Amino acid sequence: MENQAIIQYAKEALEIEINELKNLKNRLEDNFTSAVKTIHSAKGKLIVVGIGKSAHVGNKIVATLNSTGTPSQFLHAAEAIHGDLGVIQKQDVVLCISNSGNSPEIVSLIPYLQNYASALIGMTGNLNSKLGTASDIVLNTFVEKEACPNALAPTSSTTVQIALGDALAVGLMKMNHFEDKDFAKFHPGGSLGKNLTAKVEQFLSTQKPFVEKNAPIKEVIISISSSAHGITVITDNEEIIGVITDGDLRRMLMKNDDISNIKAEDIMSKNPKTIDKNELAKTAMGILKENNIGQLIVTSNGKYNGIIDIHRLLDEGIN
């Protein structure tokens, strides 16, 4: 098969799914808002039920909801009728997912889901199915066409289910006033966690170059050369008054034949960018990018505490 043909099949599949997502968007109605409000007002958690491909979708929805502030748990329909129904409490809300709405395992569960939970929300592509007619609230995931060329494998239908699950999560986030600081509580690890929680002091360089304002140029050169940052901080009785970079030294040498009487304060850049050690590392990265600089002076209670380098932040996944 030619490469271009493969690309064309892929484009056709995506186009089918895009159209189904547009259809989903256009038919959102009061049932959706009722579902969001019912889940939001529940005294317990959300139980998501599914089987087959809908089970995989359900697990994804649960993961998204748990990470965005809505306590949720997945219940596999096949396991439910063999003892796992015990996870459902009367204050819980159940979201049951089935494209056909008539899967035998789902149908056999419906009476128990109705009795055990405070509300049953059905997510189905068949409003006239057993699940569709038995649910307190129905979310319509009907698709006209699966992207599968044989119209057999769930493709468009699972895409619509996942998208609707994301829409529920976003609606609940808005109702819960869920913000990035809340998101950070559930994502302490990895690059995402670092961006949300890591403080500047975690990435401080072990090198802390500085000289006093009256230091001669030789001392400035030694200070800059002693660290890997190409910069030294100029202080006046522990107060930060400026910085000198290796670029500043080069410019000074080009302008002056005699440097014997030049002091640090004569060539320093005043009012350098600083950040407190307790600020988020992500904030530091923003300052570095905005000012197109490679290092940022870190302070603690207004005093010089060290240097944070853009390359260290990039290596740590801070963006």
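**View 1. Val 200 is buried, because its relative accessibility is 0%.** Buried means under 20% relative accessible area, exposed over 50% and partly exposed in between (1.4 Å probe, protein chains only). This is a predicted model, in which local features need pLDDT of at least 70 and side-chain atom pairs count only at pLDDT 80 or more, while totals for chains, interfaces and linings use all residues. Residues are numbered from 1 along each chain as its sequence is written, and side-chain values use heavy atoms, with hydrogens and water left out. Val 200 sits in the loop between α9 (190–197) and β6 (210–212). Helices (H or I, at least four residues) and strands (E, at least two) are DSSP runs, numbered from the N terminus. Leaving aside residues up to four places away in sequence, Val 200 touches Ile 275, Asp 276, Lys 277, Glu 279, Leu 280, Ala 281, Ala 284, Val 298 and Ile 308. Contact means heavy atoms within 4.5 Å.

**View 2. Five strands form an open sheet with parallel pairing.** Their order is β2-β1-β3-β4-β5. Two strands pair if DSSP finds at least two bridges between them. β2 (72–76) and β5 (137–140) are the edge strands, each pairing on one side only. From one strand to the next, the twist averages 20 degrees.

**View 3. Strands β3 (residues 93–97) and β4 (residues 119–124) pair in the parallel sense over five bridges.** Val 93 has Ala 119 of β4 as its bridge partner. The C-alpha atoms of Val 93 and Val 200 are separated by 42 Å, and the two residues lie 107 residues apart along the chain.

**View 4. Helix α3 (residues 53–67) packs on the sheet.** α3 touches β1 (46–50), β2, β3 and β4. Its direction makes about 165 degrees with that of β2. Axes are lines fitted to C-alpha atoms, for helices over the stretch in contact, and angles run from 0 to 180 degrees between N-to-C directions. α7 also packs on the sheet, touching β3, β4 and β5. The direction of α7 makes about 140 degrees with that of β4.

**View 5. Helices α2 (residues 30–41) and α7 (residues 156–175) cross at roughly 55 degrees, their axes coming within 10 Å.** α2 is therefore oblique to α7. Angles under 35 degrees count as roughly parallel, over 145 as roughly antiparallel, 65 to 115 as roughly perpendicular and the rest as oblique. From α2, the contact takes in Phe 32, Ala 35, Val 36, Lys 37, Ile 39 and His 40. From α7 come Leu 164, Ala 167, Leu 168, Gly 171, Leu 172 and Met 175.
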